[in-house]
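I opened a notebook page for this chain and noted what I looked up, in order.

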Amino acid sequence: MMLQRAAMPMSAPIPPHLQFDPSPKPFSPILLASPKLRAHLASNSFPSSLPVDGSCAHDAALLSLLRQRRTDEAYQAYARSPLLPGPTCLSRLLAQLSYQGTPTALARARALVRRLRDEGQLHRLDANSLGLLTVAAARSGATSYALAVLRTMLRSGYLPHVKAWSAVVSRLSASPDDGGPAEALRLFDSVLRRVRRVGVATDARPDVAAFNAALNACANLGDVRRFAQLFDEMPEFGVEPDVLTHNVLIKMCARAERKDLLIFVLERLITSGLVPCITTLHSLVAAYVGLDDLETAEKLVQAMREGRQDLCLILRQSNGGTSIDRIDEEAHALLEKLVMYRHLIEGHGNGNEPLLLPKAYFPDSRMYTTLMKGYVKEGRVEDVVRMTRAMQLEADPASHPDHVTYTTVISALIKVGAMDRARSVLTDMANAGVPANRVTYNVLLKGYCQQLQLDEAKELVREMSKHAGIEPNVVSYNILIDGCILVDDSAGALAYFNEMRERGITPSKVSYTTLMKAFALSGQPKLAHKVFDEMEKDPRVNVDRVAYNMLIEGYCRLGLIEEAKKIVEKMKQNGFQPDVATYGSLANGIALARKPGEALLLWNEVKERCAASPPLRPDEGLLDALADVCVRAAFFRKALEIVACMEENGISPNKTKYKRIYVEMHSRMFTSKHASQARQDRRRERKRAAEAFKFWLGLPNSYYGSEWRLEPIDVDEHGAI
């Protein structure tokens, strides 16, 4: 019997395109990957081992409640009974709980799944109910749990509905760190492999929304090759790019720093017969702002204010390349292939007959705010203030400043240290009838902490709680903890951390790593390690590379290299490769501990990583620390390798410093007239390296090569140079 969705009370209805039929369905052989698994599920689909009389009566009563949409009563009846209902009741109960979407209903749904998992009875749930739970969990922000449910379905042989798995891919692709988008692509590939293996029509086949989510993950990662591969796979599943696909393509071009291709994406969209949306124009403005081309962004916004439809002509007149160093030439070619497609080559959009938008688009507050963020980036504070005033005079209410606009103004004023003016914006917001939200207060709070005005920050927290009725959240406390670090107050940081937990606020990864930073910078690595251990035990957060790096930093600041190396090994075992920050901490620790042999081992590892794929990009701090150790230890050959790496990466070595070290420590090297011939022979290569290093420094030397790099030594058969 089909459930009537409209009759269900919900606090946050699921949109039609994400809705499922919540009535349970029998297992389909198409959904099961293994014949053995199909046989197992067929033989275990019903609770034949339970007493027939009690279980049947319980199921009938439970099913009656569910059919009457009395979901809460049904759950209470399920929770009171020691017997597990049959698959039909369990699947329907899970579906209705998931469909309600409230925090209480989702907690009950998770408890139901947990019980079945603990009792080894997860096979009683059908794919439809699990898919609806996945969507509800993803929409509630519990992306990790939604991903876990999807993985369980895939391991059980189910192919989840495309609306279920694409919702998780979409959430992961929008994650602020690289881990989320990378996980989104792994999930996308995993589902596609199973879809191809089944080889028949199935509801799991990716649609345009699924591809757009995966493309967005590629854009966020800056992975042009994977982006192009996904774009080419769309026709295989009968999927055509839509407006959102082109919006993501704009983001990809901006991420690849191909400003010259943005106009062609807009023309590609228009000539494909699609109608751009306002988000398309938002994306274009954001792209030009992000690429530091405020002039073109301003022209675009002004043209929209005038109601012009010839935006393609305006962008062509302003079109220009951008210096590019993020991706290689092959990736550039792939991106150009996607954007510069056939109808452009045949003459469409060649500038003789400029393409027109199908209608006029007018800027809204979001677009103005995006342009304002560009002004903030360039420190043009007065332009930010003037634009806010101009927005207040706009006739269209959609163009009036909102809380994001005012928060941007506060950010601009904070950037120039005008904290009093930033604080006064709260009054302007109240006068305009735009209440400040928690984000606004947090931005202002961060400004006070950055200006080392901790007393004002505490006062602001009291004000937001007392007058605005806004309680600080985990972000607020993270800002306060970081503020304590800036004034070297590790005790204060710990006090805020404990206060946060006492108020029932769950610490985030940032909370843990920020507190670790407080102890690391104050020379208390053991306390940092205790925080790290607590973070590992917290099931709500995942230890990441930042946490490992913070712990390594704490030990290296005291020169405790062996302890730091143990953490690095643990980090590798848990699947995290050291990055530049890791190696930089180790290099500084090695210099402090005066262990030049460790510097050689570290440099060899860094060289291997630089030659690997993807290559490590060493920074100045890492290479300078290694070169410093090598020069002090008279490892001149290695020092030359390191400075060569510096020059290859566009880093200017500090010759003045290295020259001073050489003169102070090594100017009398190899001057003994009484050394034996054997000893002189043994140190010949070291001397040659020293002379080459002196040549590079510009000191008097006997090394007269045309290049300072040390070439292999040439010897005759008797060993003479």
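I began with residues 544–578, which are 71% helix and 0% strand, with the end C-alpha atoms 11 Å apart. Helices here are DSSP runs of H or I of at least four residues, strands are E runs of at least two, and both are numbered from the N terminus. I then took residues 508–538: that span is 84% helix and 0% strand, and its end C-alpha atoms lie 10 Å apart.

I checked the record for both spans.

I noted the ground rules. This is a predicted model, in which local features need pLDDT of at least 70 and side-chain atom pairs count only at 80 or more, while totals for chains, interfaces and linings use all residues. Residues are numbered from 1 along each chain as its sequence is written, and side-chain values use heavy atoms, without hydrogens and water.

I looked up confidence next. The chain's mean pLDDT (the predictor's confidence in each residue, from 0 to 100) is 82, and 84% of residues score at least 70. Helix α10 (residues 208–221) is highest at 95, and helix α1 (residues 35–43) is lowest at a mean of 37. Over residues 1–54 the pLDDT is below 50. Where pLDDT is low, the predicted coordinates should not be read in detail.

Last, I located V487 in the loop between α25 (474–486) and α26 (490–502).

Technical notes:
Contact means heavy atoms within 4.5 Å.
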